[in-house]
Amino acid sequence: MQANERDARFREIRDKVESEQRLSMEDGLFLYEPEVSIQQVGELANFVRERKNGNVGYYNINTHLNPTNVCVYRCRFCAFRKDLRDENGYAMSDEQILHRGAEATANGCTEMHIVGGLHHQRKYEWYRDIISMLKENYPKIHLKAWTAVEIDWFRFQTKKSFEWVLDDMRSAGLGSMPGGGAEIFHPEVRDQLCEHKANTPAWLEIHRTAHQIGLKTNCTMLYGHVEKAYHRIDHLMRLRELQDKTNGFQVFIPLAFHPDNTKLSDLKKPSGLMDLRTMAISRLMLDNIQHIKAYWIMLGIETAQTALAYGADDIDGTVRHELIYHDAGAKTPEFMSVDQIKDLIREAGRDPIERDTTYNRVIRDENDFTVWQSGESVDADAQLAGA
Ligand code: V47
Ligand code: SF4
């Protein structure tokens with residue numbers, strides 16, 4: 001394509017975005033062409049980001065809990081899983097899990113992000129009791145737990161329906177679901193990465209069911225391995241289609257592949273420019289998902305800050321005990337303090353606002369940081385401000 005044709009094509013897309021028309025597969029593919037300037041794509045995504053979420057940068061105070069790393073599956077991109085008899089495999093005791101709840105409470109966490117392996121010998125009840133035990137002892141903490149891959153496994157174990165499993169988990173104390181396990185939906189890629197675990201129809205059906213029974217969920221895409229731009233846009237469009245029907249996704253998180261210690265360790269990690277382009281294109285394609293998260297653990301602090309001008313409005317949380325990315329070679333710190341998070345958001349020119357898992361403002365006691373309550377929805381604020 002000649003430069004003048006390219007400019008005309010970009011103007012066409014910009015007009016669509018400005019007049020709130022939906023972008024097509026061809027539009028998305030065009031924005032991935034390396035000749036299309038990353039600054040232009042970023043500027044357009046920033047326009048949408050500010051229209052939807054104003055000048056705010058959201059964060060939360062959270063911790064991770066991975067109750068076991070033993071897993072029946074062998075996803076080729078995973079550095080976290082261990083075999084049953086591996087000396088580094090573990091399954092946490094109730095005492096260890098409760099200790100994490102106590103630590104989270106002492107640190108003022110509003111959320112525990114709980115995911116792990118599918119342990120060969122642990123029954124559904126073990127996973128369910130983790131939720132009920134934490135909820136009984138630490139009722140204020142929101143439990144964002146189990147990806148669709150785990151819910152699919154629980155259905156297999158219990159021989160019940162997705163709805164039964166989700167409802168049972170919710171009765172135990174599940175608050176919402178994280179977005180993992182989506183990887184890349186297109187079978188040309190999914191079959192190369194993780195042919196055995198929950199397939200695309202199952203992943204989408206689980207999230208649809210969660211939304212139907214009133215559970216909010218997040219969604220992700222793992223990029224920068226064997227997929228092409230076509231597979232990424234296809235993935236985003238499948239999420240957008242489900243969101244049109246249910247409106248239950250709160251936030252989309254693009255996840256950059258980290259190759260160290262995985263079966264794909266010969267691949268290079270995606271570049272910072274690819275991270276920013278993917279962030280921006282996600283913002284532009286997903287017109288019906290309110291938030292886009294730049295997960296600092298995975299992107300690195302500098303790229304996460306920059307991403308706040310490339311479509312992202314959220315950078316996840318303080319995060320403690322993260323293993324999935326650190327096992328795969330992430331060089332980011334294991335934890336950030338609240339002051340560090342606020343500073344990095346301010347440095348990026350945004351106003352830091354603490355949110356809870358379901359995007360309500362968090363109000364903290366002036367004298368005791370660990371005492372807090374959830375306030376109004378931040379999305380209602382954004383709408384009032386005309387954002
Ligand atoms: O499903 C695993 C990915 C996901 C690697 O919902 C890898 O708020 C890159 O989903 N390199 C788990 N990615 C993480 C996740 C997540 C993270 C933060 C916030 C939320 C949320 C969700 O991580 C897995 C998989 O897609 N993953 N291994 C790797 N080597
Ligand atoms: Fe198991 Fe999840 Fe790792 Fe796949 S990504 S091997 S399901 S722990």
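## Phenylalanine 156

Let's start in helix α6, residues 148-158, which holds phenylalanine 156 (helices are DSSP runs of H or I with at least four residues, strands are E runs of at least two, and both are numbered from the N terminus). Phenylalanine 156 is partly exposed, because 13 other C-beta atoms lie within 10 Å. On this scale a residue is buried with 20 or more other C-beta atoms within 10 Å of its own, exposed with 12 or fewer, and partly exposed in between, the C-beta atoms being placed from the backbone. Between phenylalanine 156 and tyrosine 124 there are 9.5 Å from C-alpha to C-alpha, at a sequence separation of 32 residues.

A word on the model: it is predicted, so local features need pLDDT of at least 70 and side-chain atom pairs count only at pLDDT 80 or more, while totals for chains, interfaces and linings use all residues. Residues are numbered from 1 along each chain as its sequence is written, and chains are lettered from A and ligands numbered from 1 in the order in which they are written.

## The cysteines and ligand 2

UniProt, in an unreviewed entry, lists Cys71, Cys75 and Cys78 under "binding site"; its positions are given in the numbering used here, feature names are shortened, and annotations may be inferred rather than shown by experiment. Cysteine 71 sits in the loop between β2 (62-65) and α4 (94-106), and cysteine 78 is placed in the loop between β2 and α4 as well. Cysteine 71 is buried, with 22 other C-beta atoms within 10 Å; cysteine 78 is buried with 20. Beyond its neighbours within four places in sequence, cysteine 71 is in contact with Arg81, Gly117 and Leu118 (contact means C-beta atoms, placed from the backbone, within 7 Å).

The residues around ligand 2 include Cys71, Cys75, Cys78, Cys194 and Lys197, where a residue counts as near if its C-beta atom, placed from the backbone, lies within 6 Å. This shell has seven nonpolar, one polar and three charged residues. Ala, Val, Leu, Ile, Met, Phe, Trp, Tyr, Cys and Pro count as nonpolar, Asp, Glu, Lys and Arg as charged, and the others, Gly among them, as polar.

## Ligand 1 and strand β5

Of the 21 residues around ligand 1, Pro178, Gly180, Asn218, His258 and Ala328 come nearest. By class, the shell around ligand 1 has eleven nonpolar, eight polar and two charged residues. Strand β5 (217-223) and strand β6 (249-256) each supply at least two residues, and β5 gives the largest share, three.

Strand β5 is largely enclosed by the rest of the structure, because seven of its seven residues are buried. Side chains in a regular strand alternate between the two faces of the sheet. Here Thr217, Cys219, Met221 and Tyr223 point one way from β5, and Asn218, Thr220 and Leu222 the other way. β5 and β6 run parallel, joined by six bridges, and methionine 221 has proline 254 in β6 as its bridge partner.

## A three-stranded sheet

Another open sheet to look at has three strands in the order β8-β1-β9, with parallel pairing (strands pair if DSSP finds at least two bridges between them). β8 (314-317) and β9 (351-354) are at the edges with a single partner strand each, so one side of each has no neighbour in the sheet. On average, neighbouring strands here are turned by 25° against each other, direction ignored.

Strand β1 (residues 56-60) pairs with β9 over four bridges in the parallel sense, and tyrosine 58 stands opposite isoleucine 353 in β9. Helix α15 (residues 338-347) lies across β1, β8 and β9, at about 145° to β9; axes are lines fitted to C-alpha atoms, for helices over the stretch in contact, and angles run from 0 to 180 degrees between N-to-C directions.

Conventions: Contact = placed C-beta atoms within 7 Å.
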